[in-house]
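Please look over the sequence and the model shown here before reading on. The paragraphs that follow begin with a single side chain and its partner, and then widen to the fold as a whole.

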Amino acid sequence: MDGYDVVVLGSGSASEGVWQNLRGRAVAVVEMHRVGGECPYVACMPSKAMLRSAEVRDLLRAAPAFGAAAAPGCDPGDGRSAYAAAVARRDRIADGRDDTDMARSLQRSGVTLLRGRGRVARPGVVDVEGTEVGYRDLVVATGSEPAVPPLPGLDAVSAWTSDEALSSSDLPASVAILGGGPVGCELAQVFAAFGSRVVLVESAPRVLAKEEPPVSEVLQACLRRAGVEVRLETTVAEARVASPGPGALLLLEGGGTIEAERVIVATGRRPRVGGLGLEVLGIEAEEPLGVDERCAVPGAEHLWAAGDVTGVGPFTHTAGYQGSIIARNLMGEPARADYRALPRVVYTHPPVAAAGLTADQAREQGIEVETACFDIGQTARSLTEGADEPAAGCLVLVADRARRVLVGASAVGPDADAWLGQAALAIHACVPVAVAAGMIHPFPTFSEAYAPPLRELARRLG
């Protein structure tokens, strides 16, 4: 039986964070699907590629002379031809969903790749398609999968998960998207930009319900301006095949219907923990798999977990970070994960970006907060970018009154995913608000939006 210092179940970003940071250790990675996980093929990269093509098409339609030189791979013609060009570009970026190059890169690094399903046979041994492999430490990095709600009739209609929506070449004439979270909002903009009639269905009172209300309100307005019909506080009770077909008829609780050629289920993802044999190690396969600050699984020796399977934050950067924490501990360094300034981004147009706690989350933790909000449309850069119209964006800062430091920041606006890093660093380093308020911001940039709310907070905190 072959034996390894470390065996990793899964080959995505969490796995990469482990093996890239281990030196002089024998490592094996077990993968039953594609090497690299979901992100490069059916999630992060293809969705961002499609969003970029959608943005470019909008620019071309609004100002052809301005956008002509900045339209790589995007046909500005009718929606279907533009969509076909965007899909071709998407698939090039995703390597045609072929993991050959990633598998070779993994193996060139000295890691052994074992193809197949891995399951713990007994402590210290994993079974991979009938072959037993020994390990000293086991890392669970199996990621997540789309969570499909138990909606009556859903299995009978034309429905996609987000993975399928980002790997298909079809452009439906109409789509009904179930879920107003990050994935639902991103897909709504993509399909609307290429001419689909889009209805976004969300049971909560607003999209991105876990983010600050002003941020959600701005994004809702942007989605509606893009042609998306946003249905809030709406729950689907049943799905039926439309007559005459093809398509789906969604029956709503309280009455009413929505008809669409295709349903896209974007109601979240669930950790992929089933069938791993963790009960052999005394661990019940819960969702998610709990970890401590070292990313070790309590209750079992030499068992670790990273990425979506832990439920800490469904982001590629979270997975890679947790993987690196595990590797440092395995190398003898007592590393502890710190999620205080964990960034989260929704890559809509404009993007939503946040770090740390919302005001409500801070209050739930017993923190007395001060908040300040600023309209991005008041920056000079908004004028030069043509983003000075109503609902151009906003920045919300949350400060801890007792410690006089930022504990949260949320923004929606042009390039917010880039300039929110300033707030993330302040949260991570516990920079006093008074110090942050004294920064000089280059003119004209969107980062100037920080100056007024920081000064306001500094004045209030004394």
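Arg-97 counts as partly exposed, since its relative accessibility is 22% and the partly exposed class lies between buried, under 20% relative accessible area, and exposed, over 50%, as found with a 1.4 Å probe and protein chains only. The partner of Arg-97 is Asp-91, with which it forms a salt bridge whose closest N and O atoms are 2.9 Å apart; the term stands for a side-chain nitrogen of Lys or Arg within 4 Å of a carboxyl oxygen of Asp or Glu. This is a predicted model, in which local features need pLDDT of at least 70 and side-chain atom pairs count only at pLDDT 80 or more, while totals for chains, interfaces and linings use all residues. Residues are numbered from 1 along each chain as its sequence is written, and side-chain values use heavy atoms, with hydrogens and water left out.

By the salt-bridge rule the count comes to 25, and another of these pairs joins Arg-119 to Glu-279, at 3.1 Å from N to O. Because Arg-119 lies in strand β4 (residues 118-122) and Glu-279 in the loop between β16 (269-271) and β17 (303-305), this pair ties together parts that are 160 residues apart in sequence; helices (H or I, at least four residues) and strands (E, at least two) are DSSP runs, numbered from the N terminus.

Glu-370 belongs to strand β20 (residues 369-375) and Arg-460 to helix α16 (residues 451-461), so the pair connects parts that are 90 residues apart in sequence. Here Glu-370 counts as buried, at 16% relative accessibility, whereas Arg-460 is partly exposed, at 27%.

After α16 comes Gly-462, which has a positive phi, near 75°.

Elsewhere in the chain, Ala-49 lies in helix α3 (residues 44-62) and is buried, at 4% relative accessibility. Leaving aside neighbours within four places in sequence, Ala-49 is in contact with Arg-89, Arg-90 and Ile-93, and its C-alpha is 7.8 Å from that of Ala-86, a residue 37 positions away in sequence.

Turning to the whole, the secondary structure comes to 16 helices and 22 strands. The radius of gyration is 23 Å, close to the 23 Å that the globule rule gives for 462 residues, so the protein is as compact as a globular protein of that length; the radius is taken over C-alpha atoms, and the rule is 2.2 Å times the number of residues to the power 0.38. Along its principal axes the C-alpha trace spans about 65 × 65 × 50 Å, and 52% of the 462 residues count as buried. Among contacts with a separation of 6 or more, 61% are made by residues 24 or more positions apart.

Key:
Contact means heavy atoms within 4.5 Å.
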